[in-house]
Amino acid sequence: MRIVIAGGHGQIALRLERLLAARGDEVAGLIRRAEQGDDLREAGAEPVLLDLESASVEEVAAQLRGTDAAVFAAGAGPGSGVARKDTVDKGAAVLFADAAVRAGVRRFVVVSSMGADPAHEGSEVFDVYQRAKGEADAYVSGLDALDWTILRPGSLTNDAGTGLVRLEAHTGRGAVPRDDVAAVLAELVDSPATAGLTLELVSGPSPVSVAVKSVAGN
């Protein structure tokens with residue numbers, strides 16, 4: 001498969017790139033700064049310099065043509081302000097989805113956030129983030145041209161992955177290592193039977209492959 005990842009230099013994205021490259025997939029990651037390229041190449045991915053805050057739909061679609069799957073793993077990051085929650089967490093997700101439709105890429109996986117909700121209340125930066133992620137998820141899930149799956153991890157940690165997760169429509173709050181989020185994403189990309197599902201993810205009792213097959217109905 002050829003897979004393009006938005007937010008290619010993110011902590012989850014770099015882990016995902018390593019997993020996909022190791023299994024033989026062709027992987028490209030969209031990055032905003034050229035100096036990030038070496039980290040992607042080390043992970044086995046092709047770096048593509050493209051800023052989703054300023055690129056056009058056609059520019060992004062050009063990078064997606066001929067691709068089997070697209071993963072939106074971009075984020076403004078914890079140190080960013082309110083404005084970039086709108087331009088990245090929402091705006092870039094909408095742009096990437098529109099570009100996938102234009103490029104004819106059907107398989108589309110989104111890394112969202114547990115609690116994401118367009119109606120989330122509050123004025124703190126995290127509240128704005130949850131609304132932005134919720135609005136992005138709502139937009140993507142309304143696109144019939146995409147076979148989308150939305151993944152909402154719980155609290156992210158840098159602990160070593162266990163390979164054991166709980167993946168359900170509603171898991172309840174909990175933590176999950178970034179290693180395990182990446183492992184689940186690698187399975188989801190290759191599991192079109194999960195299309196149309198919004199899934200929460202925390203650490204749990206099931207091996208990743210078993211958890212994905214379970215929600216896919218296999």
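At what angle do the axes of helix 6 (residues 178-189) and helix 7 (residues 208-216) cross? The first view answers this. The legends describe a predicted model, in which local features need pLDDT of at least 70, side-chain atom pairs count only at pLDDT 80 or more, and totals for chains, interfaces and linings use all residues. Residues are numbered from 1 along each chain as its sequence is written, and side-chain values use heavy atoms, with hydrogens and water left out.

**View 1. Helix 6 and helix 7 cross at roughly 45°.** Their axes come within 10 Å; axes are lines fitted to C-alpha atoms, for helices over the stretch in contact, and angles run from 0 to 180 degrees between N-to-C directions. The two helices are therefore oblique to each other (under 35 degrees counts as roughly parallel, over 145 as roughly antiparallel, 65 to 115 as roughly perpendicular, the rest as oblique). Helix 6 contributes Ala183, Val184, Glu187 and Leu188 to the contact, and helix 7 contributes Val208, Ser209 and Val212; contact means heavy atoms within 4.5 Å. Helices (H or I, at least four residues) and strands (E, at least two) are DSSP runs, numbered from the N terminus.

**View 2. Helix 4 (residues 82-103) packs with helix 5 (residues 125-141) at an angle of about 10°.** The axes are 9 Å apart, and the helices are therefore roughly parallel to each other. Among the contact residues are Ala93, Val94 and Ala97 of helix 4 and Tyr129, Ala132 and Tyr139 of helix 5. Helix 4 also lies across strand 1, strand 2, strand 4 (69-72) and strand 5, running at about 175° to strand 4.

**View 3. An open sheet of 9 strands has the order 3-2-1-4-5-6-10-8-11.** The pairing is mixed; two strands pair if DSSP finds at least two bridges between them. Strand 3 and strand 11 (206-207) are the edge strands, each pairing on one side only. Strand 11 pairs with strand 8 (residues 164-168) in the antiparallel sense over 2 bridges, and Val165 stands opposite Ser206 in strand 11.

**View 4. Strand 2 (residues 26-31) pairs in the parallel sense with strand 3 (residues 46-49).** This pairing has 4 bridges, while 5 bridges join strand 2 to strand 1 (residues 2-6), again in parallel. Leu30 in strand 2 stands opposite Ala6 and opposite Val48 in strand 3. Strand 1, helix 1 (residues 11-22) and strand 2 make a right-handed β-α-β unit, as do strand 2, helix 2 (residues 37-43) and strand 3. Right-handed here means that, with the strands pointing away from the viewer, the path from the first strand over the helix to the second runs clockwise.

**View 5. Strand 6 (residues 147-153) is largely enclosed by the rest of the structure, because 6 of its 7 residues are buried.** Strand 6 pairs in the parallel sense with strand 5 over 5 bridges and with strand 10 (residues 197-203) over 5 bridges. Phe108 stands opposite Trp148 in strand 6, and Arg152 stands opposite Glu200 in strand 10.

**View 6. Ala119 sits in the loop between strand 5 (107-111) and helix 5.** Its relative accessibility is 57%, so Ala119 counts as exposed. Ala119 and Arg131 are 12 residues apart in sequence and 6.4 Å apart in space, C-alpha to C-alpha.

Notes
Buried means under 20% relative accessible area, exposed over 50%, partly exposed in between (1.4 Å probe, protein chains only).
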